[in-house]
Amino acid sequence: MADLDLQDIHDTLVSIAFDAGRMILSANPSDIDQGTKLNSADIVTECDKAVEAHVSTTLRAKYPTYAFMGEETYQPGQKLGDEPTFIVDPIDGTTNFVHGFPHACISLGFAAGRVPTVGVVYNPYLDTLYTAIRGRGAHMTVGRSWGLGEGGKGKVSKLPLAKTPAPLGALDTALLAVEWGSSRDDDNFELKAEVFRKLCLAKTKGGAMVHSLRSLGSAALNLCAVAAGQLDLYWEGGCWAWDVCAAWTILHEAGGLMVSGNPGNWKPEIDERKYLAVRGAPSGQKEIVEEMWAIIGDKKMDYTS
């Protein structure tokens, strides 16, 4: 990565994120065409396609030798290689977008050697920008587009938000993010439902009795909330590299840990589609991962296509 200008890539992605944010905010979901891919819960809109077209055109013009992988132009069988690659989700949280629920974002990731290296995630509804470059820390900026904060540049906070993050305890002290996903007729769905039940179930009934479960409806925003320390864990299966690449860098730079959503694998691949994210903490990461894996048990999520 020595020959890559990561700061320039970061700055370019931030500029694109604000452009895309304006496109998202200017769209009226009730007036635009929308369709489905897998089923009625797997939604795509003309705004998704327009944002990705803008992103890909801009990036290909400036970085013509770099590869590009985007959700709306992905072709089955397309593989992520070692070459520098932009990995993009034009609207992560499309279901939220079409319902007007203000938790959708653009997720702009850059990987080198299949390692998440630059991440930019922007929620235009809340004007909240998350950014990171590997080895240089992670930050959250609020109010930049609205001209808030010192000098109209927004309020910038280093992640995690707590200056001294608390140690992680057991699952019964934790707040977790989960998502139901769009595939709801297979063994993966049954496993998710069973794990959700066991996480919430009282200890007297054999459960973990977590504080609660949250679903923001966006993998990238769930991961950013873990990076910020607002959530303790995020367990996911079924999302794609473009859902996690950008926020993975942010999580890593905030001291967080990404392991497999299936038990046993401490070093998942970027396109593995099964993830467990843990917030940064001075202690307890390994222990809470192992407790979560024990809840999952012998069954494993199987996302192969």
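Predicted model: local features only at pLDDT ≥ 70, side-chain atom pairs only at ≥ 80, totals over all residues.
User: Which residues make up α6, and how far does it reach?
Analyst: Helix α6 runs over residues 241–253, which is 13 residues. From first C-alpha to last it reaches 18 Å, close to the 18 Å expected at 1.5 Å a residue.

User: Where does α6 bend, and by how much?
Analyst: The bend is at Ala247, by about 30°.

User: Is α6 mostly covered or mostly open?
Analyst: Mostly covered, with twelve of its 13 residues buried. Among them are Trp242, Asp243, Cys245, Trp248 and Glu253. Ala247, where the helix bends, is also one of the buried residues.

User: Where does Asp89 sit?
Analyst: Asp89 is in strand β4, residues 85–92.

User: And is Asp89 buried or exposed?
Analyst: Buried, because its relative accessibility is 1% and the cut-off for buried is under 20%.

User: Switching to pockets. How much space is in the second largest pocket?
Analyst: About 280 Å³.

User: How many residues line the second largest pocket, and which lie nearest its centre?
Analyst: The lining has 15 residues, and Gln7, His10, Asp11, Thr131 and His139 lie nearest the centre.

User: Which helices or strands each supply at least two residues of that lining?
Analyst: Helix α1 (6–26) does, and so do strands β7 (128–133) and β8 (138–142).

User: What is the lining like by class?
Analyst: Six residues are polar, five are nonpolar and four are charged.

User: Last one, Ala166. Where is it?
Analyst: Ala166 lies in the loop between β9 (155–158) and β10 (175–177).

User: Why does Ala166 count as partly exposed?
Analyst: Its relative accessible area is 42%, and partly exposed is the range between under 20% for buried and over 50% for exposed.

User: How far is Ala166 from Ser26?
Analyst: Their C-alpha atoms are separated by 40 Å, and the two residues are 140 residues apart along the chain.

Definitions and conventions: Residues numbered from 1 in each chain as written. Heavy atoms only, no water. 1 Å grid on protein atoms, 1.4 Å probe; cavity = no way out; pocket = protein on both sides within 12 Å on 5 of 7 lines; lining within 4 Å. Points joined across faces, edges and corners; volume = space filled by probe spheres on them. Helix = DSSP H or I, 4+ residues; strand = E, 2+ residues; numbered from the N terminus. Nonpolar A, V, L, I, M, F, W, Y, C, P; charged D, E, K, R; others polar. Expected span 1.5 Å × (residues − 1). Bend = angle between axes of the 7 residues up to and from the residue. Buried < 20%, exposed > 50% of the residue type's maximum accessible area, 1.4 Å probe, protein only.
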